[in-house]
Amino acid sequence: METLRLVLRYAHLVGFALLLGGAVAQYLSGRLRINLAMLYGAGIQIVTGLALAAPIRPEGQEPNPVKLGVKLVITLMIGAMVFFSRRREAVNRGHFLAIIALTLVNAAIATFWR
Ligand code: HEM
């Protein structure tokens, strides 16, 4: 079980890297469109996050369910913002920055909310 949790956590961090790295690189290129790294990253975060939220830890070490709920809502928002705009040539700057900001908020929640 512990190996499974670590593998899932590793995949979760790779998804985070794809989502944030893809978004920042795209933003710096000056062309505000959703790229595949962002799309895959958002998908990986939903799947691996839900799997990590499963009861795979010893008693008493489960993460706070309220924290997980907040992260899930934010991730679904990111997922919708990425998925439904994936074919657009360009999205609004606010839309794009919101994806980056929400990703950073979720990483902060993961890190600081104990
Ligand atoms: C954009 C979306 C997300 C980002 C950026 C993100 C970020 C992170 C990061 C950076 C960690 C590592 C924290 C650490 O090791 O101290 C983490 C862990 C975790 N995340 Fe997420 N997360 C996202 C979505 C989700 C979702 C949707 C869920 C489930 C509802 C979730 C559940 C978890 C759990 C349970 C852990 C703990 C892993 C462990 O140590 O066993 N995450 N997340």
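**Helix crossing and a buried arginine**

Modeller: The crossing of helices H1 and H4 is left-handed. Please note that the model is predicted.

Biologist: At roughly what angle do the axes of H1 and H4 cross?

Modeller: Helix H1 covers residues 2–29 and helix H4 covers residues 93–112. In their contact, residues of H1 including Phe16, Leu20 and Tyr27 meet residues of H4 including Phe96, Ile100 and Leu104. The two axes come within 10 Å, and they cross at roughly 145°.

Biologist: Which side chain of opposite charge is nearest to Arg57?

Modeller: Arg57 lies in the loop between helix H2 (36–52) and helix H3 (65–83). Arg57 is buried and has no salt bridge. A salt bridge requires the charged atoms to be within 4 Å, whereas the nearest side chain of opposite charge is 7.0 Å away, and it belongs to Glu2.

Biologist: Which residue has its backbone oxygen 3.1 Å from a polar atom of the Arg57 side chain?

Modeller: Leaving aside residues up to four places away in sequence, Arg57 touches Arg5, Leu52, Glu62 and Pro63. One of these contributes a backbone oxygen at 3.1 Å from a polar atom of the Arg57 side chain, namely Leu52.

Methods
Residues are numbered from 1 along each chain as its sequence is written. This is a predicted model: local features need pLDDT of at least 70, side-chain atom pairs count only at pLDDT 80 or more; totals for chains, interfaces and linings use all residues. Side-chain values use heavy atoms; hydrogens and water are left out. Helices (H or I, at least four residues) and strands (E, at least two) are DSSP runs, numbered from the N terminus. Buried means under 20% relative accessible area, exposed over 50%, partly exposed in between (1.4 Å probe, protein chains only). Lys and Arg count as positive and Asp and Glu as negative; His and the chain ends are not counted. A polar contact is a pair of N or O atoms within 3.5 Å; within protein, one must be able to donate a hydrogen and the other to accept it, and residues adjacent in sequence count only if both atoms are side-chain atoms. Contact means heavy atoms within 4.5 Å. Axes are lines fitted to C-alpha atoms, for helices over the stretch in contact, and angles run from 0 to 180 degrees between N-to-C directions. A crossing is left-handed if the near helix is turned anticlockwise from the far one by less than a right angle, and right-handed if clockwise.
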